[in-house]
Amino acid sequence: MKYSKKNTQLFINQQLPHNFLAEQMILSGLLISSDAIDITVQTLPVEAFYFKNHQEIYKAIIFLYQNKLSIDILTLLTFLQDNGLLQKIGGIKVLIELISQIPNLNYLNEYLALIKDKFFRRCLIKFGYETINSAYITNVALEKILTDCETKIFNLTTETKGQNLFSTGELLNTIFLDLKEKSLNPKLLGLTSGFYELDSLTQGFQKSDLIILAGRPAMGKTALSLNITLTSIKKSQLPVLFFSLEMSKEQIIYRLLAMETNINQIRLKNGNLSQSDWAKLTKVIKLLSKLPLFIDDTVDLSVNEIRSKIKTILFEKKKIGLIIIDYLQLMQISNTKLDNRTQELSHITRLLKTLAREFNVPIIALSQLSRNVENRLDKKPVLSDLRESGSIEQDADLVLMLYRNQILEKKDSNSFQKFESEQIELILAKHRNGPTGTIKLRFEKKKMKFSSFNN
């Protein structure tokens with residue numbers, strides 16, 4: 001490692017991880033097998049080869065491959081000579097060395113894995129040096145440097161996972177064993193929502209699903225998501241991460257206390273409590289304190305920041321049951337310039353879906369509905385009412401919409417205040433892997449509590 005005071009930069013001045021023989025074996029194999037070329041070109045970038053002459057040879061082979069020309073030692077030699085590259089690779093002796101190798105192509109995947117391993121180690125070393133150098137640049141915001149680091153390490157970890165290919169035989173065998181287990185021990189496939197009618201349609205919230213919960217303001221989106229949060233934790237005992245971009249963590253806690261104690265939220269906030277209220281409150285606080293619920297009220301969160309926080313909890317708790325984001329339109333995008341907010345939200349929902357798959361956990365993202373729904377004769381929301389929808393409905397596995405008839409149709413009246421509880425329609429507008437439908441729920445607004453309407 002070399003340090004330059006003049007430029008305040010660190011430079012790499014020693015050999016980086018590589019495997020010379022594996023690189024030779026791969027290049028030799030490409031000259032004798034078209035199947036090896038198909039696999040390698042889709043697997044290794046040019047930079048995966050450490051030696052510059054190997055990179056030039058590989059680039060030449062890729063050119064011949066992309067132009068559907070035959071590939072052997074003669075065509076490669078001719079191409080290199082015609083383009084003035086023969087001396088650059090070290091002369092004809094380098095090609096003679098290659099063809100003298102006799103690779104066993106049964107081990108092609110192992111050779112590729114060796115080269116990729118060294119390549120990713122070099123990338124990691126380069127990333128480390130870039131991180132150190134960027135820390136010296138004091139006129140760049142620390143937040144931007146950290147975000148760039150998150151993005152680079154995310155891209156690197158995504159690439160290292162590679163592609164998992166399975167034969168239908170392997171997949172069918174796995175599914176058969178899974179079905180057998182389910183028949184012997186019938187249970188809900190995913191996390192329960194706490195509402196039987198909804199669980200009957202969805203079989204619970206499935207791992208890797210992106211669920212959109214949408215509604216107009218004051219419809220009860222946050223309240224419903226908190227009801228689902230508590231039910232999920234109590235049933236599964238798995239941690240839940242609740243990202244609140246709109247409300248403070250204290251406001252969220254007050255809502256949870258109102259739900260669990262059945263004490264009017266206004267009385268709770270004012271401290272206007274009876275002796276029996278204090279007894280209930282003490283009991284509920286002890287209960288909630290033991291639950292693995294994590295609340296983050298950071299404003300303007302990006303997907304990269306959420307990913308970092310997920311990693312932190314996973315390091316401590318090993319598993320996560322559910323992630324809730326309240327709400328989608330308040331999220332920000334980092335380091336990507338897009339033309340409008342619709343494109344930004346489309347990008348965010350795609351990243352959230354990727355996040356759900358990466359961590360194999362359901363993500364519920366709350367979303368606003370367009371105000372156009374209030375100007376229609378039929379005020380029941382539909383998928384196109386998703387505000388700045390873009391690809392929200394495309395990326396989502398489930399889309400749930402809240403519809404409260406009294407609020408929408410009597411918005412200029414105070415008559416809805418007379419109701420202790422109100423009938424809510426929870427519309428399952430999209431279900432990628434199952435039926436859609438409508439579920440009736442009861443909402444006690446003062447206690448922030450949802451329950452099945454038939455209860």
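**View 1. Asp 117 and its partner Arg 121 in a salt bridge.** Asp 117 is partly exposed, with 33% relative accessible area (buried is under 20%, exposed over 50%, partly exposed in between; 1.4 Å probe, protein chains only). This is a predicted model, where local features need pLDDT of at least 70, side-chain atom pairs count only at pLDDT 80 or more, and totals for chains, interfaces and linings use all residues. Residues are numbered from 1 along each chain as its sequence is written, and side-chain values use heavy atoms, leaving out hydrogens and water. The closest N and O atoms of Arg 121 and Asp 117 sit 2.9 Å apart; a salt bridge here is a side-chain nitrogen of Lys or Arg within 4 Å of a carboxyl oxygen of Asp or Glu. Both residues belong to helix H6 (108-135), and because they are 4 residues apart, about one helical turn separates them. Helices (H or I, at least four residues) and strands (E, at least two) are DSSP runs, numbered from the N terminus. Arg 121 is partly exposed too, at 45%.

**View 2. Arg 267 meets Asp 277.** Their N-to-O distance is 2.8 Å. This pair links distant parts of the chain, 10 residues apart: Arg 267 is in helix H12 (265-270), Asp 277 in helix H13 (275-289). Asp 277 is buried at 5%, while Arg 267 is partly exposed at 30%.

**View 3. Lys 380 forms a salt bridge with Glu 425.** Here the closest N and O atoms are 3.0 Å apart. Lys 380 comes from the loop between E7 and helix H16 (392-395) and Glu 425 from strand E9, so the bridge ties together parts 45 residues apart in sequence. Glu 425 is buried at 15%; Lys 380 is partly exposed at 31%.

**View 4. An open sheet of 9 strands with mixed pairing.** The strand order reads E5-E4-E6-E7-E3-E8-E9-E10-E11, where two strands pair if DSSP finds at least two bridges between them. E5 (293-296) and E11 (449-452) are the edge strands, each pairing on one side only. E10 (437-444) runs antiparallel to E11, joined by 4 bridges, and Phe 443 has Phe 450 in E11 as its bridge partner.

**View 5. Helix H14 lying across E4, E5 and E6.** H14 (303-317) runs at about 150° to E4. Axes are lines fitted to C-alpha atoms, for helices over the stretch in contact, with angles from 0 to 180 degrees between N-to-C directions; contact means heavy atoms within 4.5 Å.
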